[in-house]
Amino acid sequence: MSALKVVSSKLAAEIDKELMGPQIGFTLQQLMELAGFSVAQAVCRQFPLSGKTETERGKHVFVIAGPGNNGGDGLVCARHLKLFGYNPIVYYPKRSERTEFYKQLVHQLNFFKVPILSQDEENWLEYLKPEKTLCIVDAIFGFSFKPPMREPFKSIVEELCKLQDRIPIVSVDVPTGWDVDKGPISQPSINPAVLVSLTVPKPCSNHIRENFTTHYVGGRFIPRDFANKYGFEPFGYESTDQILKL
Ligand SMILES: NC(=O)C1=CN([C@@H]2O[C@H](COP(=O)(O)OP(=O)(O)OC[C@H]3O[C@@H](n4cnc5c(N)ncnc54)[C@H](O)[C@@H]3O)[C@@H](O)[C@H]2O)[C@@H](O)CC1
Ligand SMILES: [K+]
(Lines give C-alpha, C1' and ligand atoms only; values in the text may rest on other atoms or scores of the structure.)
(Ligands and ions follow the chains in the order given, each with its own letter.)
Protein backbone atom coordinates (compact mmCIF):
# COMPACT_ATOMS: atom_id res chain seq x y z
CA MET A 1 0.00 0.00 0.00
CA SER A 2 1.46 3.39 -0.90
CA ALA A 3 1.88 5.80 1.97
CA LEU A 4 -0.84 8.39 2.19
CA LYS A 5 -0.23 12.04 1.69
CA VAL A 6 -0.24 13.40 5.20
CA VAL A 7 0.43 16.67 6.99
CA SER A 8 2.27 16.99 10.29
CA SER A 9 0.65 18.22 13.49
CA LYS A 10 2.45 21.54 12.99
CA LEU A 11 1.13 21.97 9.45
CA ALA A 12 -2.38 20.88 10.48
CA ALA A 13 -2.40 23.65 13.08
CA GLU A 14 -1.19 26.13 10.44
CA ILE A 15 -3.94 25.05 8.02
CA ASP A 16 -6.50 25.55 10.78
CA LYS A 17 -5.12 28.96 11.60
CA GLU A 18 -5.17 30.12 8.01
CA LEU A 19 -8.70 28.84 7.39
CA MET A 20 -9.86 30.84 10.40
CA GLY A 21 -7.61 33.81 9.71
CA PRO A 22 -8.69 37.23 8.45
CA GLN A 23 -8.23 36.44 4.76
CA ILE A 24 -10.35 33.30 4.56
CA GLY A 25 -12.56 33.99 7.51
CA PHE A 26 -14.12 30.69 8.43
CA THR A 27 -15.34 30.57 11.99
CA LEU A 28 -14.49 27.64 14.24
CA GLN A 29 -18.19 26.92 14.50
CA GLN A 30 -18.52 26.48 10.75
CA LEU A 31 -15.59 24.10 10.45
CA MET A 32 -16.61 22.12 13.51
CA GLU A 33 -20.13 21.70 12.19
CA LEU A 34 -18.78 20.24 8.94
CA ALA A 35 -16.22 18.11 10.78
CA GLY A 36 -18.81 16.66 13.20
CA PHE A 37 -21.28 16.17 10.35
CA SER A 38 -18.71 14.17 8.40
CA VAL A 39 -17.93 11.95 11.40
CA ALA A 40 -21.66 11.25 11.78
CA GLN A 41 -21.77 10.33 8.11
CA ALA A 42 -18.85 7.92 8.59
CA VAL A 43 -20.71 6.21 11.45
CA CYS A 44 -23.75 5.82 9.19
CA ARG A 45 -21.66 4.42 6.37
CA GLN A 46 -19.89 1.97 8.63
CA PHE A 47 -22.83 0.94 10.81
CA PRO A 48 -25.97 1.37 8.69
CA LEU A 49 -29.31 0.99 10.44
CA SER A 50 -31.23 -0.18 7.41
CA GLY A 51 -32.33 -3.79 7.68
CA LYS A 52 -31.39 -3.94 11.36
CA THR A 53 -33.66 -5.32 14.09
CA GLU A 54 -35.35 -3.03 16.60
CA THR A 55 -32.79 -4.10 19.23
CA GLU A 56 -29.86 -3.29 16.97
CA ARG A 57 -31.35 0.06 16.06
CA GLY A 58 -31.78 0.96 19.72
CA LYS A 59 -28.11 0.47 20.57
CA HIS A 60 -26.18 3.50 21.82
CA VAL A 61 -23.47 5.31 20.00
CA PHE A 62 -21.29 6.30 22.93
CA VAL A 63 -19.58 9.60 22.16
CA ILE A 64 -16.68 10.57 24.43
CA ALA A 65 -15.79 14.24 24.07
CA GLY A 66 -12.50 15.76 25.20
CA PRO A 67 -11.86 19.33 26.36
CA GLY A 68 -10.81 20.87 23.01
CA ASN A 69 -12.05 21.12 19.46
CA ASN A 70 -11.81 17.38 18.88
CA GLY A 71 -14.39 17.09 21.68
CA GLY A 72 -16.47 19.77 19.97
CA ASP A 73 -16.51 17.66 16.79
CA GLY A 74 -17.86 14.82 18.93
CA LEU A 75 -20.68 16.98 20.34
CA VAL A 76 -21.70 18.05 16.84
CA CYS A 77 -21.47 14.46 15.61
CA ALA A 78 -23.82 13.28 18.38
CA ARG A 79 -26.47 15.83 17.33
CA HIS A 80 -26.33 14.74 13.69
CA LEU A 81 -26.44 11.07 14.65
CA LYS A 82 -29.67 11.72 16.51
CA LEU A 83 -31.09 13.33 13.38
CA PHE A 84 -29.96 10.31 11.37
CA GLY A 85 -32.01 7.98 13.61
CA TYR A 86 -29.23 6.75 15.94
CA ASN A 87 -29.29 6.67 19.71
CA PRO A 88 -26.26 8.71 20.79
CA ILE A 89 -25.23 9.23 24.40
CA VAL A 90 -22.50 11.69 25.35
CA TYR A 91 -19.82 11.54 28.00
CA TYR A 92 -18.12 14.95 28.35
CA PRO A 93 -16.09 14.74 31.55
CA LYS A 94 -14.01 17.90 31.28
CA ARG A 95 -16.07 20.70 29.84
CA SER A 96 -14.43 23.61 28.17
CA GLU A 97 -15.09 27.00 29.71
CA ARG A 98 -12.97 28.62 27.01
CA THR A 99 -15.84 29.85 24.94
CA GLU A 100 -19.59 30.17 25.25
CA PHE A 101 -19.78 28.08 22.11
CA TYR A 102 -19.17 24.76 23.86
CA LYS A 103 -22.01 25.46 26.27
CA GLN A 104 -24.23 26.18 23.28
CA LEU A 105 -23.34 22.79 21.79
CA VAL A 106 -24.43 21.20 25.06
CA HIS A 107 -27.71 23.17 25.00
CA GLN A 108 -28.29 21.92 21.47
CA LEU A 109 -27.82 18.32 22.63
CA ASN A 110 -30.38 18.94 25.36
CA PHE A 111 -32.72 20.37 22.73
CA PHE A 112 -32.38 17.12 20.78
CA LYS A 113 -32.81 15.08 23.98
CA VAL A 114 -29.42 13.47 23.58
CA PRO A 115 -28.47 12.21 27.06
CA ILE A 116 -25.25 13.70 28.47
CA LEU A 117 -23.72 11.91 31.43
CA SER A 118 -22.80 14.07 34.37
CA GLN A 119 -19.21 15.25 34.49
CA ASP A 120 -18.35 13.07 37.47
CA GLU A 121 -20.35 10.04 36.33
CA GLU A 122 -18.65 7.11 37.98
CA ASN A 123 -20.68 4.45 36.24
CA TRP A 124 -19.98 5.51 32.66
CA LEU A 125 -18.70 2.03 31.85
CA GLU A 126 -22.23 0.71 32.48
CA TYR A 127 -23.18 2.29 29.16
CA LEU A 128 -20.48 0.37 27.34
CA LYS A 129 -21.74 -3.16 26.81
CA PRO A 130 -21.49 -5.01 23.49
CA GLU A 131 -25.19 -5.88 23.67
CA LYS A 132 -26.16 -2.21 24.21
CA THR A 133 -23.50 -0.25 22.33
CA LEU A 134 -23.15 0.01 18.57
CA CYS A 135 -19.81 1.83 18.66
CA ILE A 136 -17.74 4.34 20.59
CA VAL A 137 -16.88 7.70 19.04
CA ASP A 138 -13.45 8.70 20.31
CA ALA A 139 -13.49 12.51 20.19
CA ILE A 140 -11.10 12.96 23.12
CA PHE A 141 -7.96 14.42 21.55
CA GLY A 142 -6.99 15.41 18.02
CA PHE A 143 -3.97 17.11 16.52
CA SER A 144 -3.07 19.21 19.59
CA PHE A 145 -2.51 16.27 21.94
CA LYS A 146 0.89 16.29 23.62
CA PRO A 147 1.83 13.14 25.57
CA PRO A 148 1.88 12.03 28.32
CA MET A 149 -1.86 11.91 28.87
CA ARG A 150 -3.29 13.41 32.04
CA GLU A 151 -6.26 12.22 34.08
CA PRO A 152 -9.14 11.63 33.81
CA PHE A 153 -8.43 10.71 30.21
CA LYS A 154 -5.56 8.35 30.99
CA SER A 155 -7.90 6.03 32.91
CA ILE A 156 -10.70 6.46 30.37
CA VAL A 157 -8.43 5.44 27.49
CA GLU A 158 -7.16 2.43 29.46
CA GLU A 159 -10.77 1.28 29.85
CA LEU A 160 -11.48 1.83 26.15
CA CYS A 161 -8.46 -0.28 25.25
CA LYS A 162 -9.89 -3.16 27.29
CA LEU A 163 -13.21 -2.89 25.46
CA GLN A 164 -12.09 -2.32 21.91
CA ASP A 165 -12.08 -5.98 20.89
CA ARG A 166 -15.79 -6.12 21.68
CA ILE A 167 -17.03 -2.63 20.79
CA PRO A 168 -15.69 -0.87 17.69
CA ILE A 169 -14.07 2.53 18.16
CA VAL A 170 -14.47 5.36 15.67
CA SER A 171 -11.61 7.82 16.19
CA VAL A 172 -12.01 11.45 15.16
CA ASP A 173 -8.95 12.80 13.33
CA VAL A 174 -6.36 11.03 15.53
CA PRO A 175 -6.73 7.88 17.66
CA THR A 176 -6.60 9.32 21.17
CA GLY A 177 -3.25 8.80 22.85
CA TRP A 178 -1.36 8.38 19.61
CA ASP A 179 1.40 10.82 18.87
CA VAL A 180 0.02 12.83 15.96
CA ASP A 181 3.22 12.42 13.98
CA LYS A 182 4.63 9.14 15.28
CA GLY A 183 1.55 6.99 15.91
CA PRO A 184 1.01 4.73 18.93
CA ILE A 185 3.86 5.50 21.29
CA SER A 186 2.65 3.86 24.47
CA GLN A 187 0.79 0.70 25.36
CA PRO A 188 -2.02 -0.11 25.68
CA SER A 189 -3.18 1.97 22.74
CA ILE A 190 -6.43 2.50 20.94
CA ASN A 191 -6.80 0.54 17.71
CA PRO A 192 -9.78 2.12 16.03
CA ALA A 193 -12.09 0.14 13.78
CA VAL A 194 -12.65 3.41 11.94
CA LEU A 195 -10.51 6.52 11.62
CA VAL A 196 -12.01 9.72 10.24
CA SER A 197 -9.15 12.04 9.29
CA LEU A 198 -10.24 15.66 9.03
CA THR A 199 -9.18 17.87 6.10
CA VAL A 200 -6.14 15.66 5.42
CA PRO A 201 -4.69 12.62 7.24
CA LYS A 202 -2.03 13.18 9.86
CA PRO A 203 1.23 11.11 9.80
CA CYS A 204 -0.04 8.78 12.56
CA SER A 205 -2.63 7.43 10.12
CA ASN A 206 0.16 5.52 8.38
CA HIS A 207 0.25 3.34 11.51
CA ILE A 208 -3.35 2.13 11.38
CA ARG A 209 -3.71 -1.61 11.03
CA GLU A 210 -4.34 -2.62 7.45
CA ASN A 211 -7.35 -4.94 7.16
CA PHE A 212 -8.60 -3.75 10.54
CA THR A 213 -9.13 0.01 10.45
CA THR A 214 -11.40 1.56 7.84
CA HIS A 215 -10.02 4.96 7.00
CA TYR A 216 -12.17 7.86 5.87
CA VAL A 217 -11.28 11.45 5.21
CA GLY A 218 -13.89 14.09 6.06
CA GLY A 219 -14.12 17.80 6.70
CA ARG A 220 -14.74 18.78 3.11
CA PHE A 221 -14.02 22.45 3.22
CA ILE A 222 -11.04 23.45 1.11
CA PRO A 223 -10.52 24.25 -2.58
CA ARG A 224 -7.84 22.70 -4.78
CA ASP A 225 -5.36 25.60 -4.76
CA PHE A 226 -5.37 25.70 -0.97
CA ALA A 227 -4.71 21.94 -0.76
CA ASN A 228 -1.90 22.25 -3.32
CA LYS A 229 -0.33 25.09 -1.35
CA TYR A 230 0.01 22.67 1.56
CA GLY A 231 1.38 19.91 -0.66
CA PHE A 232 -1.57 17.60 -1.23
CA GLU A 233 -4.28 16.99 -3.80
CA PRO A 234 -7.93 17.45 -2.86
CA PHE A 235 -9.78 14.23 -2.15
CA GLY A 236 -12.21 12.87 -4.72
CA TYR A 237 -15.42 13.16 -2.71
CA GLU A 238 -18.43 11.93 -4.62
CA SER A 239 -21.53 13.98 -5.16
CA THR A 240 -22.67 15.56 -1.88
CA ASP A 241 -20.72 13.13 0.33
CA GLN A 242 -18.87 14.61 3.29
CA ILE A 243 -16.58 11.59 3.61
CA LEU A 244 -14.44 9.50 1.33
CA LYS A 245 -13.19 6.01 2.11
CA LEU A 246 -9.43 5.93 1.50
N1 LIG B 1 -9.24 22.12 10.10
C2 LIG B 1 -9.65 21.04 10.70
O3 LIG B 1 -9.30 19.96 10.30
C4 LIG B 1 -10.54 21.17 11.87
C5 LIG B 1 -10.27 20.47 13.02
N6 LIG B 1 -11.10 20.41 14.05
C7 LIG B 1 -10.79 19.56 15.22
O8 LIG B 1 -9.95 20.24 16.09
C9 LIG B 1 -8.96 19.33 16.57
C10 LIG B 1 -7.85 20.09 17.18
O11 LIG B 1 -8.42 20.81 18.26
P12 LIG B 1 -7.61 21.51 19.41
O13 LIG B 1 -6.49 22.27 18.80
O14 LIG B 1 -8.57 22.19 20.28
O15 LIG B 1 -6.94 20.29 20.17
P16 LIG B 1 -7.43 18.90 20.75
O17 LIG B 1 -8.89 18.81 20.80
O18 LIG B 1 -6.63 17.89 20.02
O19 LIG B 1 -6.84 18.94 22.22
C20 LIG B 1 -6.69 20.13 22.97
C21 LIG B 1 -7.11 19.90 24.39
O22 LIG B 1 -6.45 18.75 24.90
C23 LIG B 1 -5.76 19.06 26.08
N24 LIG B 1 -4.56 18.22 26.12
C25 LIG B 1 -3.53 18.19 25.25
N26 LIG B 1 -2.62 17.27 25.61
C27 LIG B 1 -3.10 16.68 26.74
C28 LIG B 1 -2.62 15.67 27.61
N29 LIG B 1 -1.42 15.08 27.44
N30 LIG B 1 -3.37 15.28 28.66
C31 LIG B 1 -4.55 15.87 28.90
N32 LIG B 1 -5.07 16.87 28.13
C33 LIG B 1 -4.35 17.28 27.06
C34 LIG B 1 -5.46 20.54 25.97
O35 LIG B 1 -5.31 21.11 27.26
C36 LIG B 1 -6.73 21.05 25.28
O37 LIG B 1 -7.78 21.24 26.21
C38 LIG B 1 -8.67 18.49 15.36
O39 LIG B 1 -7.99 17.31 15.64
C40 LIG B 1 -10.06 18.29 14.82
O41 LIG B 1 -10.69 17.19 15.47
C42 LIG B 1 -12.46 20.95 13.87
O43 LIG B 1 -13.11 21.17 15.05
C44 LIG B 1 -12.44 22.20 13.06
C45 LIG B 1 -11.71 22.05 11.77
K1 LIG C 1 -9.71 11.43 18.72
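Buried means under 20% relative accessible area and exposed means over 50%, with partly exposed in between, as calculated with a 1.4 Å probe on protein chains only. The model is predicted, so that local features need pLDDT of at least 70 and side-chain atom pairs count only at pLDDT 80 or more, whereas totals for chains, interfaces and linings use all residues. Residues are numbered from 1 along each chain as its sequence is written, and side-chain values use heavy atoms, with hydrogens and water left out.

The structure holds 11 aromatic pairs, where rings of Phe, Tyr and Trp (its six-membered ring) pair if their centres lie within 6.5 Å, and planes under 30 degrees apart count as stacked, over 60 as edge-to-face and the rest as tilted. Two of these pairs are set out here.

| Pair | Centre to centre | Angle between planes | Class |
|---|---|---|---|
| Phenylalanine 37 and phenylalanine 84 | 6.1 Å | 50 degrees | tilted |
| Phenylalanine 141 and phenylalanine 153 | 5.2 Å | 70 degrees | edge-to-face |

The pair of phenylalanine 37, in helix α2 (residues 28–46), and phenylalanine 84, in the loop between α4 (69–83) and β2 (87–91), links distant parts of the chain, 47 residues apart; helices (H or I, at least four residues) and strands (E, at least two) are DSSP runs, numbered from the N terminus. Phenylalanine 37 is partly exposed, with a relative accessible area of 23%, and phenylalanine 84 is likewise partly exposed, at 32%.

Phenylalanine 141 and phenylalanine 153 are both buried.

Elsewhere, ring pairs join Phe62, Tyr91 and Trp124 into a cluster.

Note on methods
Chains are lettered from A and ligands numbered from 1 in the order in which they are written.
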